[in-house]
Amino acid sequence: MKSRAQSVQQTSSRRGFILAIVTIVVVLLSLAAYNYSDTMIVEHQASAMGGRDVAARMAAESAIELVATRIMEHDADDSINLYNDPDTFRGHLIMDSAVSRGRVLSSVLAFDETATGVVRFGLASENSKFNLNSLLAIAQSEDDLPEEEQLGLEYLAMQSIPNMTDDIVDAILDWLDSDDDRRPGGAESADYETLSVSYSCKNGPMETIEELLKVQGVTPALFYGEDANHNGMEDIGEDTNTDGIFDLGWQAYLTVSSRERNTNPDGDAKIDLNMGQMTKLYDAVEELYGEEAASFVCAFRLGGTDYVTAQTSNLPQLTVDGTISRNDIDFTVVPAYRFNSIYDLIGGETGSVKMLTGVDQSFTSPWGEDAATLLDVFPDLEKNFSVTDDTAIEGRININQARREVLLTLQPAMTEVAADSIISARPAADLESASSGILARRNTAAWILAEGIVDLETLRQLGPYITVGGDVYRFQALGHFEEGGPTTRLEAEVDASEYPPAVRFVRDLTSLGRGYRTDTFLPAQNQNR
């Protein structure tokens, strides 16, 4: 029989064992609680970061909508600055907060075409690039010339584009034309169908510039260049061939989307200076600009000038009964001449035209080539006159924004001297108020005549191919925080050639990185916070 001392000892041992178990259980429960708490903290932080990602993305998407709205407002008020407006497009507040890390902002930027590595807070016109779909028209324009006068203008146009070759021009032309005849360096469907991933030649106009990557000889390196993160500036390691030249790729020079609406500010069709009905043309011009202007325009169509040639084969043949006239000009005569561009109106004198008085008469343009007329009057003429009844005009080059290489696609009329003069006359993108003021004065392509960069004959030659407008815009939209946090970067294209403006595509560049320092996008008043 156990003694009392032994019983007490056994009871104490059992109590100590239970205490140890309880201690272990408490420790385990504490560790579990700590682990759960830590997991919840991580989940909370992840949720918060996810929420900040969503906020940044929504801010970038809202910036695209802001652009579309500003474009519509610009239609009603052309003083609105779409080119470089930091007050509107830099650090636009989307969501306020008491702390800078909580403030959500959006910014809109484009690459400056004059100085590589510079960005501006605004939109880039697709008309600042050369439209590849116009290559075929250039080639076809020479078909009526004698063989010895066919200069190969399509090859001349493309020779200024970096790294372009005649063989690739041949391949592009084969991609665009409707036949299956292979050019010397080109390719047709038979060539593309032998590829491991086969497809057919388009044999029609390109719909997106990325389609160029399907053309024989075009590589991603040629198309995208060395700008790996697509921020328009050279970053460490991007000069992959170490030649000291930052290659932006063909995407910086080429497009298939350049387009302008052919309507007046009220949205109505412009007056087509090449319309068939002379009485309708006379009445329309007279209503806006008077008898002298209407007489000159119609006499130009009937009698021509010394700088246009007759093109009767391209004009409608009119059947006229009786005598029809305006200001004694006999309109029973079929118009034999066409305006090549609105700049044919400048300083011309028509040939003699048939008058009801029996004495032929010529007419002088009411629009001279003095700077005051060109800068003050021609912007209004361009709002109301056109040389086509098409709903939109494709492919003209915006001389206020085009890079030097793009300007030189207009050779031989555009010389290197003229291109350099146009570039040097542009205001720097960082001169915010000056740039908008200077460009507002250059709202007609005739400014290059007014400022003595080209002469009148050259302006007339360039006229069909140049503009200072464009209704398709490309830009980057960023959603970001005032301090720290994630950034969403989107590239977008908005087409305002139709109403309302349509977002044609959005490409997510976020995976390429922020691309810019955060303080680049802070409003000026916050730069020194």
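This is a predicted model. Begin with strand β2. V104, S106, V108 and A110 point one way from β2. L105, S107, L109 and F111 point the other way. All of these residues are buried. In a regular strand the side chains alternate between the two faces of the sheet.

Strand β1, residues 92–95, pairs with β2 in the antiparallel sense over three bridges. H92 stands opposite S106 in β2. Strand β15, residues 472–481, also runs antiparallel to β2, and six bridges join the two. There, L109 stands opposite Q476 in β15. Strand β3, residues 119–120, is joined to β2 by two bridges, again antiparallel. The bridge partner of F111 in β3 is V119.

Next, turn to helix α13, residues 416–424. Which of its residues are buried? They are A418, A419, I422 and I423. Seen down the axis of α13, these buried residues fall within an arc of 135°, so they line one face of the helix. On the other side of α13, V417 and S424 are exposed.

What do the buried residues of α13 pack against? They pack against α12, residues 404–407, and α15, residues 447–450.

In β2, residues pointing both ways are buried. In α13, the buried residues line one face, while V417 and S424 on the other side are exposed.

Technical notes:
Residues are numbered from 1 along each chain as its sequence is written. This is a predicted model: local features need pLDDT of at least 70, side-chain atom pairs count only at pLDDT 80 or more; totals for chains, interfaces and linings use all residues. Side-chain values use heavy atoms; hydrogens and water are left out. Buried means under 20% relative accessible area, exposed over 50%, partly exposed in between (1.4 Å probe, protein chains only). Helices (H or I, at least four residues) and strands (E, at least two) are DSSP runs, numbered from the N terminus. The arc is that of the directions from the helix axis to the C-beta atoms. Contact means heavy atoms within 4.5 Å. Two strands pair if DSSP finds at least two bridges between them.
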